[in-house]
Amino acid sequence: MLIKLAWKSTLNRKASVALTLVTIAISVMLLLSVERVRQDAKSSFANTISGTDLIVGARTGDIQLLLSSVFRIGHANNAVQWQSYEYIKAQRGVAWSIPISLGDSHKGFAVLGTDTSYFSHYQYAKKQHLTFAAGRPFHNSQEVVLGAMVAKKLGYQLGQKIVISHGMGNTSFHHHDDNPLVISGILAATGTPVDKTLHVPLSAIESMHSSGHSKPSRIVARKQDATHHEHEHEHEHEHEHEHEHEHEHEHEHEHEHEHEHEHDSKNNNALVHNLDSKPGDLIGSTKQITAFLLGFDSPLYTLQVRRNINQYKGEPLLAIMPGVTLRELWEMLDIVEKILLLITLAVVLISLLGMLTSLLATLNQRRRELAILRSVGARPWHIFTLLISEAIFITVLGCIFGVALFYALLIAAQSGLQSQFGVVLNISALSTYELMLLSVIIGAGTLIGAIPAARAYFYSLADGMQIKT
């Protein structure tokens, strides 16, 4: 009877109760949203890369290297020479390596230059390998493999031709129109930045950039006398080739002398000293990559090779362990998480205080109602239970509406967070921790409701209507 009476009394004050419900619902939605985004952001970042022992790039900050090479956030300040990559990957203990070249895009999606080892060795989540939803890896420099989200958002299919643009922004003024690429494969969804990436061979990156620089000269050549200028061009090219051949011959002699000197001075720190010399030019002295990933036969090699790479004197390089760097990132953001949590808890407290204010403000107006209840036999503890039941009703309803708003917000923000920040929101049942937060809110609402209930209890005693037993 008291619960039914409390429910009727709550409905009788629709306007004030509705405002209180809205404030509690919004505060609950904010609290649950911050907690869910925090947990899912950590999970998404941790699942992006797995099974990789080292990430190597030009010397910069550890976190900046991780964000630019794995999460496609920010830009690398410098590049790594191809000769250094070839030499390091040939060192003892290196099981596999994946070169990465960034800097181009396609309609706002990042383009990653790599080789076929990327599809064999790159792992995400709990050491899951990449799989193809359709097609196959690229086999030549005219093919491209799309991430799942790229294909879905742009509506691409196998066999279509696309054009890559220079730069990482959504808008580019330089398109590689003379090097269209054919879609050879589409990767299965991973919930990582791989889904938002186009994968092309390193040779395609080199071809696009070299052809882009030489294109104006070819156009000029076509507009002039073909026979005369082509003969002159071929004659000059032969001379240049002879000079280059002589230079390479001299370079080989110099390299042999350096190699002999290295064998004489070889010691336990051979990797550090050997990397000081420049290995032979395998694929052109100008070829560079953004970074590369390394996996080792045994974890024992990780720290040793990392130290040697960080001491490499040929060019400034940095080797990081992705798991350790991720923990450093979350330690940096820990204070931000705590501040957000405190802010949302303050919002919840303010909404509950608003409910207290509303109940206290209407208490004086309800003294006549309470006196009537006393006159028909209601005891003081009945009045107390009535008032505290109303507070519990309002708090529980506010939590229910807040949870509904929370799921609506998750559904609305899911695609945006995934496409813009790579955070995959998990739309699932409330976790134990989230249910605990709701229990704390309901408990706090009950305690706050006890304040006007206690005042009503003492009002009923002061009215002189106490029933004698």
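Colleague: How far apart are the end C-alpha atoms of residues 384-413?
Modeller: This is a predicted model, by the way. The span 384-413 is 100% helix and 0% strand. Its end C-alpha atoms are separated by 43 Å.

Colleague: Which residues does the UniProt annotation "transmembrane region" cover?
Modeller: The annotation comes from an unreviewed UniProt entry. One of its spans is 339-363, which is 100% helix in the model, with end C-alpha atoms 36 Å apart.

Colleague: Take contacts between residues at least 6 apart in sequence: what percentage join residues at least 24 apart?
Modeller: A contact here needs heavy atoms within 4.5 Å. Once pairs have to be at least 6 apart in sequence, the share joining residues at least 24 apart is 78%.

Colleague: Now the loops. Is Lys 107 buried or exposed?
Modeller: Lys 107 sits in the loop between strand 3 (94-106) and strand 4 (109-114). Its phi is positive, about 55°, although it is not a glycine. Most residues other than glycine have a negative phi. The cut-off for exposed is over 50% relative accessible area, and Lys 107 has 55%, so it counts as exposed.

Colleague: And Ala 125, buried or exposed?
Modeller: Ala 125 also has a positive phi, near 50°, without being a glycine. Its loop runs between strand 5 (123-124) and strand 6 (128-129). Buried means under 20%; Ala 125 has a relative accessibility of 17%, so it is buried.

Colleague: Which side chain does the side chain of Arg 136 make a polar contact with?
Modeller: Arg 136 belongs to the loop between strand 7 (132-135) and strand 8 (143-146). Leaving out residues up to four places away in sequence, it touches Glu 143, Val 145, Ser 184 and Gly 185. The polar contact is 2.7 Å, and the partner is the side chain of Glu 143.

Colleague: What separates the C-alpha atoms of Arg 136 and Ser 184?
Modeller: Arg 136 is partly exposed, at 31% relative accessibility, and Ser 184 is among the residues it touches. The two are 48 residues apart along the chain. Their C-alpha atoms are separated by 5.9 Å.

Methods: Residues numbered from 1 in each chain as written. Predicted model: local features only at pLDDT ≥ 70, side-chain atom pairs only at ≥ 80, totals over all residues. Heavy atoms only, no water. UniProt positions renumbered as here; feature names shortened; annotations may be inferred. Helix = DSSP H or I, 4+ residues; strand = E, 2+ residues; numbered from the N terminus. Buried < 20%, exposed > 50% of the residue type's maximum accessible area, 1.4 Å probe, protein only. Polar contact = N/O pair within 3.5 Å; in protein donor to acceptor, adjacent residues only side chain to side chain.
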